[in-house]
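Dear colleague,

Please find the structure below, handed over for your use. My notes on it follow directly after.

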Amino acid sequence: MKTVKIGLGTCGISAGGEKVYRAFQDELKDHPDAFVLKETGCIGMCYREVLVEVSNGNGTAHMYGEVTPERVGRIIDEDILGGATIDEWLVSGEDREVGFFDRQQRIVLRNCGIIDPGSIDEYIDMGGYRAARRALTQMKPEEVIDEVVTSGLRGRGGGGFPTGTKWKFTRQAPGDKKYIICNADEGDPGAFMDRSILEGDPSAVLEGMIIAGYAIGADEAYIYCRAEYPKAIARLRQAIAQARKNGFLGNRVFGTEFNFNIKIKEGAGAFVCGEETALIASIEGKRGMPRFRPPFPAQSGLWGKPTNINNVETYANVPWIILNGGEAYAKYGTEDSKGTKVFAMAGKVKRTGLVEVPMGVTINEIIFDVCGGIIDDKKFKAVQMGGPSGGCIPASMCDIQIDYQQINRTGAIMGSGGLVVMDETTCMVDVAKFFLTFTQAESCGKCTFCRIGTKRMLEILERITAGEGTMEDLDNLDELSEQIRAASLCGLGQTAPNPVLTTLKYFREEYETHIKEKKCPAHVCSTLLTYTINEKCTGCTVCKTACPTDAIFGEKKTVHMIDQNKCIKCGKCFTVCRFDAVVKD
Amino acid sequence: MAEQTTDKFKPFNVDLWKYDGQAGALIPLLQSAQDTYGYISEKAIDYISHVTGIPSADIYGVVTFYAQFRTKPLGKYVIKVCNGTACHVNGAKGIADTINDELNIDYDETSDEGAFSLLSVACIGCCSLAPVIVINDETYGRLTPAKLRKILRSYKQKVKKEAQTATDQG
């Protein structure tokens, strides 16, 4: 029997996946014996959503991209019933887009887009919970920790602290009551790795947490998940209930003396809660503000007890490591960074979506070999790594390897895995302003330099992008950056200047063009642009009415013009035009 | 109806609450309050204070710290503009400007007649469709100001029709 599998991660749903699913459901009423309908998580090729995979029951499968409800009828008639693939809609199966998966090494995403995340049986069929069983019934806690140490796994949330060492500290901390926390408060704009893992393979994260709990001697765990991820939360609840039914959670896990329970805490929308001490405060029901470390959570964390915090991707690696051995994991990667890393590809790249590559590949390889290069083959300018805490790496340096040290040397950070690709139409000053606006708004306000310093920096950037900057502003940015970095308690403040510092370092001339020539080379900063009206204008007079300074003239039903002397570059004409006739240059 | 709930505050649905005196329950309590009423009123804060013994001022501090909590009700149609990095570099600002111009509301504002609310959200996960907005549960992608204006006008029509039916019936 044929199987139809539809990608229903958030990316698939946003693109209309549920409507496609319902269309197949309707068809199923007419042809109940023709196929089995299933859903799965994010397949990774978000750029071709909605994705529908048809398996023939003999091991072969092919996938259709950009499926709409209207296309379902033809898929049923020609493919499911007729047995002929519809070549023009294919994304994979024969020789299409193989490059996307060729260079990838899927450890964390091993089940994403393959299994139905709502079914623990499918997870078990793929080898799920074998690692936890082995750890609990055949290994001592110290042996589990040693295996993780051997693997060289480092925290995938951004910090990159060695996971095995962290577990060891928490295990050795005195006290009977210990906690495990999974940080699923993924907040970087442009990052969606953790969400896709939770939606596509929630049980892998739970299994990693069970193993961690056993290793450090904790019996209680929390998953702190963003409330903005309703689908991920629903998936987790389902997976926890099923695990409990199977005896993988609760009392006497796998028939051993080990008890383990996992609770979900929904975050309430504060970026700073990704910082571990702020996250703990938030679970305790308080304002999520970081505190001074030490003591580290490994000594004194949730309710003052030793607590181990890792992020989603870190835990998802653990079952694979226990099952295949730390050495197998350490075979991937570089001297300093082992294993694989998941990246959320976004921005001006042809194939946006989720990729998992071994450490040690170069940034260029990810962008050009895996993701097909830049949209419209424009000129590649830079990548932004690490979100608001990271920085921009110019195209000329993108032959460096994915490796914690090498990336840190550029001034960016590995971060949690958001990789935003920028082309010649992206203004680097504007990007710096974008991230600083974000950190400014999300600063919890505890440390003066973070609260006020980022505000002053933002004001400077606003002046520069408005054409009112001075060269002295650039020195002030440097100085403020150093002060904020030195005088902030937590990672948010310490890293907030990074986007500004890296763009200043690699794209200083772009700042200077804004200041000296009052021009935005990428045509982004609206006050530095010239607006004109082209022949698409129908003379509808809407822009003329909207213009606050009466700079637009022209008779009704004739092409309008803009008086550049009167124009204040507010961009209103551009946004009101219904005919795309206003151009900015 | 809104007046009724604020004037005479009905206690929350007990099933939703499940408050068992455990520490750390404040945020889940506030979340269920918001789920039930759409926002967190002063009465809700007082009620939670009464149940938990946490001073109202502390609860207010928590409410205002987190972006999720609202102290005012939302409009009938909630427009979320994605301001993730991909949408930003693909022109999310122009999208917000267009909404601002067409509906006369800014971020975190609700239009006078309570029809539309405008919110800014970080990545909603369909970066390939950038720039993107979500109106209630419907996603609109690959927007241009012209395309967006058409969508907004269709919603305005809808609001008008609904108001008309309401007056006809009432």
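The notes below treat the conventions, the interface and then some features of chain A.

This is a predicted model, in which local features need pLDDT of at least 70 and side-chain atom pairs count only at pLDDT 80 or more, while totals for chains, interfaces and linings use all residues. Residues are numbered from 1 along each chain as its sequence is written, chains are lettered from A and ligands numbered from 1 in the order in which they are written, and side-chain values use heavy atoms, with hydrogens and water left out.

Regarding the interface, 40 residues of chain B are in contact with 49 residues of chain A (contact means heavy atoms within 4.5 Å). The two chains bury about 3,300 Å² between them, 58% of it on carbon and sulfur atoms; buried area is the accessible area (1.4 Å probe) that two parts lose on being put together, summed over both. Phe65(B), Tyr66(B) and Thr85(B) supply 19% of the area that chain B buries against chain A, more than any other three residues.

Between chain B and chain A there are 2 salt bridges (a side-chain nitrogen of Lys or Arg within 4 Å of a carboxyl oxygen of Asp or Glu). Glu138(B) forms a salt bridge with Lys19(A), with the closest N and O atoms 2.9 Å apart. Elements that each supply at least two residues to the side of chain B touching chain A include helix H3 (26-37), helix H5 (56-65) and helix H8 (145-169) of chain B. Helices (H or I, at least four residues) and strands (E, at least two) are DSSP runs, numbered from the N terminus.

Over all chains, the count comes to 39 salt bridges. Within chain A, the side chains of Arg48(A) and Glu66(A) meet in one of 3.0 Å, N to O. Arg48(A) lies in the loop between strand S2 (35-40) and strand S3 (52-55), and Glu66(A) in the loop between strand S4 (61-64) and helix H3 (69-81) of chain A, so the pair ties together parts that are 18 residues apart in sequence.

The loop between S2 and S3 of chain A also holds Val50(A), which a cis peptide bond joins to Glu49(A), with omega about 0 degrees. Another cis peptide bond joins Arg293(A) and Pro294(A), again with omega about 0 degrees. Pro294(A) lies in the loop between helix H12 (276-283) and strand S9 (307-311) of chain A. Finally, Tyr129(A) has a positive phi of about 65 degrees although it is not a glycine.

Kind regards
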